[in-house]
Amino acid sequence: MAEPGNRVAAGEPRSPWLRSGFVLAAAFIGFIAVIGTVLGVASDISGKDTSGQDGSGKAKTPVTSVVGRPSSGSADAGSVCPELTDSRQDVPTSAPAGVTWTLYDSVALPSSKAAGPALVGKDLARCYAHTPVGALLANSQISVRYLAADDWQEVTRTQTVGAGRDAYIAARTKAEQTASPDGGGGAHGQIAGFRFVTHNGTTAVIQTVWRFPDGRMQAATTTMLWRDGDWRLEYPADPPDPTPVDSLAGYIPWGGV
């Protein structure tokens, strides 16, 4: 259930990566265990609909702002980010104000006009405020999009950093090429809460609680790094395992579903 003022709106189209067809192999445990199983990651690699795509194979999707209006900028990684108004450097002790939630492949993701993402395309959602709230929003968006986006490789290469990133790209690419399309989908988790472990301006360690349809909850710990004018998600060589939690005690309740 959405918080007051944080109502979910149907947004971007459903990605084939989350359709029934192919559940990622156990070789992807790492971050997939932390976030992928929360999403119930699956893919129909037997045949994507490529209608409406340009010559590069990418969909011709207009870039939109966080409020859904056409943007004069581009969500491409090389475009310049507009200035955002959020400048508060205190770590939030309650659910951030001014957040709206939009469904992305059945997962509710948060955005804010003040803290980002300022530029949103079909796959990339980028340009976040250099603040704790900006890091929180970037963490939520990138954690889902690098798994769910049609062009997940672009999202992973441009919005994640770390020793485990290239190995993940190589392993997932291989799995997509060899997987049978006979698998089934998994349970989709939703963001239920968060807490900051640390924040120092350039690094934010955040624990996000994900709730499954059957009521189970897991806390995933991720690190956001401020690099080249935006927040990036760190993909370490040895990602921490998710932690089962029984309640939101000690966390700030937050979510769009």
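# Exercises on helix packing and aromatic contacts

Thr131 lies in the loop that joins S5 to H2; helices (H or I, at least four residues) and strands (E, at least two) are DSSP runs, numbered from the N terminus. The model is a predicted one, in which local features need pLDDT of at least 70 and side-chain atom pairs count only at pLDDT 80 or more, while totals for chains, interfaces and linings use all residues. Residues are numbered from 1 along each chain as its sequence is written, and side-chain values use heavy atoms, with hydrogens and water left out.

**Exercise 1.** Determine whether Thr131 is buried or exposed, and list what it touches beyond residues up to four places away in sequence.

*Solution.* Step one is the accessibility criterion: buried means under 20% relative accessible area, exposed over 50%, and partly exposed in between (1.4 Å probe, protein chains only). Thr131 has 1% relative accessibility and so counts as buried. Step two is the contact list, where contact means heavy atoms within 4.5 Å. Thr131 touches Asp86, Ser87, Arg88, Gln89, His199 and Trp231.

**Exercise 2.** Classify the crossing of H2 and H3, and describe the residues in their contact.

*Solution.* First, the geometry: axes are lines fitted to C-alpha atoms, for helices over the stretch in contact, and angles run from 0 to 180 degrees between N-to-C directions. The axes of H2 (residues 132–148) and H3 (residues 152–159) come within 7 Å and cross at roughly 140°. Next, the classes: angles under 35 degrees count as roughly parallel, over 145 as roughly antiparallel, 65 to 115 as roughly perpendicular and the rest as oblique. H2 and H3 are therefore oblique to each other. Finally, the residues: H2 contributes Ile142, Arg145 and Tyr146, which meet Trp152, Val155, Thr156 and Gln159 of H3. By class, this contact of H2 with H3 has four nonpolar, two polar and one charged residues. Here Ala, Val, Leu, Ile, Met, Phe, Trp, Tyr, Cys and Pro count as nonpolar, Asp, Glu, Lys and Arg as charged, and the others, Gly among them, as polar.

**Exercise 3.** Carry out the corresponding analysis for H3 and H4, and state what covers the buried residues of H3.

*Solution.* The axes of H3 and H4 come within 10 Å and cross at roughly 175°. H3 and H4 are therefore roughly antiparallel to each other. On the H3 side the contact is made by Trp152, Gln153, Thr156 and Arg157, and on the H4 side by Arg165, Tyr168, Ile169, Arg172, Thr173 and Glu176. These residues divide into three nonpolar, three polar and four charged. Turning to burial, Trp152, Glu154, Val155, Thr156 and Gln159 are buried in H3. Their cover includes S5 (125–126), H2, S6 (160–161), H4 and S10 (230–234).

**Exercise 4.** How many aromatic pairs does the structure hold, and what is the geometry of the pair formed by Trp152 and Tyr168?

*Solution.* Rings of Phe, Tyr and Trp (its six-membered ring) pair if their centres lie within 6.5 Å; planes under 30 degrees apart count as stacked, over 60 as edge-to-face and the rest as tilted. The structure holds eight such pairs. Trp152 and Tyr168 are 5.8 Å apart centre to centre, with 70° between the planes, an edge-to-face arrangement. This pair links distant parts of the chain, with Trp152 in H3 and Tyr168 in H4 (residues 165–178), 16 residues apart. Both partners are buried, Trp152 with a relative accessible area of 4% and Tyr168 with one of 3%.
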